[in-house]
Amino acid sequence: MSFRGYLYLLAALAPIYLVLAAVLPPADDEVYYWCWSQRLQLSYYDHPPMTAYMIRAATTIFGDTVFAIRLPAVVSSLTVLAVIGWLTRPRTLLPLVLFTPLFTFGAVLVTPDTPLLMFWALYLAWLVRMHEKLSTPASVLPQWETGIHVTDWILGGIILGCGILGKYTTGLGMMAGFASFLLAGNVRRWLFGYVLHGFIAVIVTLPILIHNLRYDFVPIRYQWQHSMSSPNPGLEPFASFFGIQILLFGLLPFAVFVWTIRHWRELKVDPRLRVCACLFALPFAFFLYKATQGHLEGNWALAVYIAAWPLAAEMLERAKESIRVRRLAYASFAIPAGCVLLIAVHLVHPVSFLSPTADRLTRQWSKDDVARQVAETLGAEDKQPIFATSYQWTALLRFHHVDARQLDGITRPSHFTQHPEKLAGHDRALVFAEGFLPAEFVEGFGPPRIVGKFPLVVRGQEIGIYWLIEYVKPAGHASVE
């Protein structure tokens, strides 16, 4: 398949992505990031700000709809696939890659991985171009020319900085990129430019630093603890991480990882393969190690696979005489393709072996319905804020135009609790929860009164009940402004 033919394939895929973006139920975190975009700031408690900026750009043009919220994810996915296609030769495997979970249903979900994947792919493409320029022998260049212009390094710094503004994981790409330059040799031709591109990246990411200075570095300390703590090392977390990666992409990337290490010296000769080897094998090794030290979320390694597919194509091309190797490579996509097929079937007709309690996809529609019912119960006239016990419900209620606030101290902190608001500051408080609040949260209030009951029904089965509860302070205990 030529690169032009591959781009035609992506053009045909775009309308499918747009339809999926419009019809899939909104996920909790997606509307949470939409809430970020409603009040733009330099960074956020949970992640850097790029996700919010991208959502804000899309919703400004197309309105506050689920489709518009997800539009950045569609653009990101198509950009990533275009870069993979440009780097991969031959492209025999790529139609199978398109049928993995990340590039089907996952392609339209907006998360901090959205900017991470897009800018990681662009940084990978930039690195390849830089290495191709470096491969030009210095002897054929004028004495004052290095083959690379200052603007090239500035562009790379901007791409890298934007990636870090999306997710801190992009920093691994920078370290792997530095390793690729070391393998290229001739340090004098790239060292100054590399430092310059790093300086530009620092300037681009200054909003994160400023935000953390304002909040005593609490956000970045939270992310550091979340990513680097390893409370339960052992085989179990590694097996969990390993299993999720197989569900997402099959066994082929693991075979490519081993093959890349074994053929490192051969791969580093080719600029394209040298960069891909560094941006796949080095971060992937880090994630495999981290998985042995404790729980590692399955999506953390997503970006490294962008460089895996060009290496997989090279591996199969060198083994093209072996029918067995090629068959095994194609067969490795059976598990991720099966996952995609199962999800597609489940969307049309829920599968019976998945219990309603475990059915997270259908539950999202139900949760969205509950949030809509709460909004209708309150009506447009009731301007009283409503307190929820989690950031997920706070975000869903806000998406349905409810003035929701997250109660601090019941579930994990979030962007909503950076400026915590206590019930004690109100004479009357409405709370959306699964039951009455602990006594320490409602001290000074009278007995609670149930305003509304909202069953969470999934596929005809009630799996939970949420209540809208009113707390009112008795006369003589009113708050003093």
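## A walk through a predicted model

K383 sits in the loop that joins α19 (360–378) to β1 (386–388). Helices (H or I, at least four residues) and strands (E, at least two) are DSSP runs, numbered from the N terminus. K383 is exposed, because its relative accessible area is 66%; buried means under 20% relative accessible area, exposed over 50%, and partly exposed in between (1.4 Å probe, protein chains only). The C-alpha atoms of K383 and L155 are separated by 48 Å, and the two residues are 228 residues apart along the chain.

Before going on, a word on the model. It is predicted, so local features need pLDDT of at least 70 and side-chain atom pairs count only at pLDDT 80 or more, while totals for chains, interfaces and linings use all residues. Residues are numbered from 1 along each chain as its sequence is written, and side-chain values use heavy atoms, with hydrogens and water left out.

### Helices that cross

Two packed helices are described by the angle between their axes and the distance between the axes. Here, axes are lines fitted to C-alpha atoms, for helices over the stretch in contact, and angles run from 0 to 180 degrees between N-to-C directions.

Helix α2 (residues 28–38) packs against α3 at an angle of about 80°, with their axes 8 Å apart. That makes α2 roughly perpendicular to α3, a label for angles of 65 to 115 degrees (under 35 is roughly parallel, over 145 roughly antiparallel, and the rest oblique). Contact means heavy atoms within 4.5 Å, and Y33, W34, W36, S37 and Q38 in α2 meet T51, A52, I55, R56 and T59 in α3. These contact residues divide into five nonpolar, four polar and one charged. For this count, Ala, Val, Leu, Ile, Met, Phe, Trp, Tyr, Cys and Pro are nonpolar, Asp, Glu, Lys and Arg are charged, and the others, Gly among them, are polar.

Helix α3 (residues 50–62) also meets α6 (residues 113–134): their axes come within 8 Å and cross at roughly 95°. So α3 is roughly perpendicular to α6 as well. M50, T51 and M54 in α3 touch T114, P115, M118 and F119 in α6.

### Helix lengths and cover

What span should a helix of 22 residues such as α6 have? At 1.5 Å a residue, α6 should span 32 Å, and its end C-alpha atoms are 31 Å apart, which agrees. The expected span is 1.5 Å times one less than the number of residues. Helix α6 is mostly covered, with 18 of its 22 residues buried.

In α9, G193, Y194, L196, H197, G198, I200 and A201 are buried. Their cover includes α6, α7 (150–166) and α8 (170–184).

Most residues other than glycine have a negative phi, and most peptide bonds are trans.

| Residue | Phi |
|---|---|
| N186 | about 50° |
| R459 | near 55° |

N186 lies in the loop between α8 and α9, and R459 is in the loop between β4 (449–458) and β5 (461–472). N186 counts as partly exposed at 44% relative accessibility, and R459 does so at 30%. The peptide bond from R89 to P90 is cis, with omega near -10°. P90 is found in the loop between α4 (66–87) and α5 (94–97).
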